[in-house]
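Subject: Structure for you to look at

Dear colleague,

I am handing over the structure we talked about, and below it you will find my notes on what was found. Please read them with the structure open beside you.

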Amino acid sequence: MTNYDNNKKSNQTGEVGEHEVAGIFTRLNWLYHPITSRDVGIDAIIESKVSVGGRSIVIGIQIKCGQYYFRIQNDSSITFKNNKVHFDYWLTFPIPIMIVLYNPDTCEAYWEIVNSNNIKDNRLKIPKSHVLTKITNTDTAKSAILEACKFIINRNDSEKIELFFKLFAKSDSFNLSERYSIVNRYLLATPNDSHVLCIKGNIEHMRGDFQAALDTYNASLQLNPSIPTAHWGIAHTYRRLQDIDNALFWANKGIEIDPTDPSGHLALALCLAAKGNLDNALKECDSSIKLNAWYYDAHDHRGQILLGLGRFQEALEAFSKLVELRPMSAYAHHKLGISYEYCNLIDEAVAAYKKSLYFDPEYSPAEHSLQLLNIADQIRTIEIRGNDQIGINTLFDLAVLYCDYGNNDKAMDLFNKILEKEPCHLGAIVNIGVILAIRGDYTIAREYLDRAVVLHPNENVAWFNRGSVLFMSGDYNTAIDSYSKALKINKNDAQIYHSRGVAYRKIYEFDKAIDDFTCALQLNPSLSTTRHLRRELLDVRASIVKLSSGILMPRIPGIIG
């Protein structure tokens, strides 16, 4: 009878600990999966919500609850004792194991990752600084993942190293410098790891150092030509460089190697969307989701593409799935709010934006969306009262905000209202022309920009945007003329030099393109895309100089042919 009572009490204490620890990890935005079987040797598995290609990092949890486990401690650590059989089991487990000690009296939990370096005489020292209940989600993720990294590297398990670095390169728990530093340290010891080279390329891509990213991806391919992630990394980089033809080429090449990876189909979808082929982009998103129904990024981009296609109800369903996958994501709730707004469900949109701010009070896109709705409501109120004297500046600011958040239909309505009040308004004329060009209606777009430069011949904004619309329509020579007129008005605009350089590059005027890129970088050294294009053309020019007469010109980077 006594033994039964003791066992029952012990089980109840253990259940309390498991319940409390489960709540802690859930609040810290980790997925918590309890293990119901008692013979497994772990109580649960936690899973990071940060995923790459639908894969997440997982850590096994062994929870111990009660004062008994705190009997051996000092000012800096708690000593957890167990037998060799258990430690050997945890050390050879396929995933990292975290020991969590829960004190029901203080409601505090302490944690440590099991690895061979921190076990001595069947004892594991758990630092008191590892207080799970007193640190933020970011700190918890960072500490746990770093410890898992040490564990993985000590185990020399290449598959888990790859998984760690894939997570590491995407995790918001680390800034780019931290990610880059650790990846480079790892590569010093293991320079021929093609997978980790891809991770390095991803970080360089995120830092905006596109040429370095391309070099790193190519280094990975030299080691392993059949690694699809390098192909998709190159595709993403070319897409950022607005070289969509090459981006499509590399995305498709990666899918040829591995058609079963959902991230490859998403990479192709993004390239197709950038090309304006939204229908096929949607099909690739669907292919990605078919391969992994929980692929968050695929659902996200699917919703955005549906918005672009004007299929608002379906977009609402896609973003509802996003919220289902990440119920505590400010981003997901904000996207859901946008889709509600497109469906004219304003109350639901407001509720979604407020929920976004509930999960992240500093999430500015949700604040801006609420501000947009507030301004629009004020305008509706004024119009209902029959007062047609709404300030043009207010209308213009609201229209620009709608543009910023992709609602070009509402923006067009407001710009047209501005033109009814002030037919020569430069900003309204230019923005209508740009929106029409984005939609592919280049003829009417050009009419608006021609009107802008006739009415405002001394405004470089008019000439610059006219050049951009002409460039989008493929009329590169006339675009160059417009950019040149803009530069006569303002010689200190780096963006205009960059845009004219890109146009020169399209017509193979490489020397002029290099000169323009150089001027742009002198005015604004932070233009990473400009720096990449300049370096690319310098390399091309150097290779052309080396060619003897009669030898074919090498293929120009960024131009399929």
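N344 lies in the loop between α14 (330-342) and α15 (346-359), where helices (H or I, at least four residues) and strands (E, at least two) are DSSP runs, numbered from the N terminus. Before going further, please keep in mind that this is a predicted model, in which local features need pLDDT of at least 70, side-chain atom pairs count only at pLDDT 80 or more, and totals for chains, interfaces and linings use all residues. Residues are numbered from 1 along each chain as its sequence is written, and side-chain values use heavy atoms, with hydrogens and water left out.

N344 is exposed, with a relative accessibility of 59%; here buried means under 20% relative accessible area, exposed means over 50%, and partly exposed lies in between, with a 1.4 Å probe and protein chains only. Q242 also has a phi near 65°, again a positive value in a residue other than glycine, and Q242 sits in the loop between α8 (228-240) and α9 (244-257). With a relative accessible area of 68%, Q242 is exposed.

The next topic is charge. Side chains of opposite charge can pair when their charged atoms come close. A salt bridge is counted when a side-chain nitrogen of Lys or Arg is within 4 Å of a carboxyl oxygen of Asp or Glu, and by this rule the count comes to 13 salt bridges.

Which residue forms a salt bridge with E314? The partner is R311, and the closest N and O atoms of the two are 2.8 Å apart. E314 is partly exposed at 29% relative accessibility, and R311 is partly exposed with a relative accessible area of 33%.

E324 and K321 meet through their side chains in another salt bridge, at 3.3 Å from N to O. Both residues lie in helix α13 (residues 312-325), three residues apart, which is about one turn of the helix. E324 counts as exposed at 55% relative accessibility, whereas K321 counts as partly exposed at 22%.

The side chains of R505 and E536 also meet in a salt bridge, at 2.9 Å from N to O. This pair links distant parts of the chain, with R505 in helix α23 (residues 494-506) and E536 in helix α25 (residues 528-546), 31 residues apart. Are these two residues buried or exposed? R505 is buried at 8% relative accessibility, and E536 is buried with a relative accessible area of 6%.

Finally, please look at strand β4 (residues 77-81), where K81 is found. K81 is partly exposed, with a relative accessible area of 40%. T79 has its place in strand β4 too, but T79 counts as buried at 9% relative accessibility. If residues up to four places away in sequence are not counted, T79 touches Y69, I72, R123, L124 and K125, where contact means heavy atoms within 4.5 Å.
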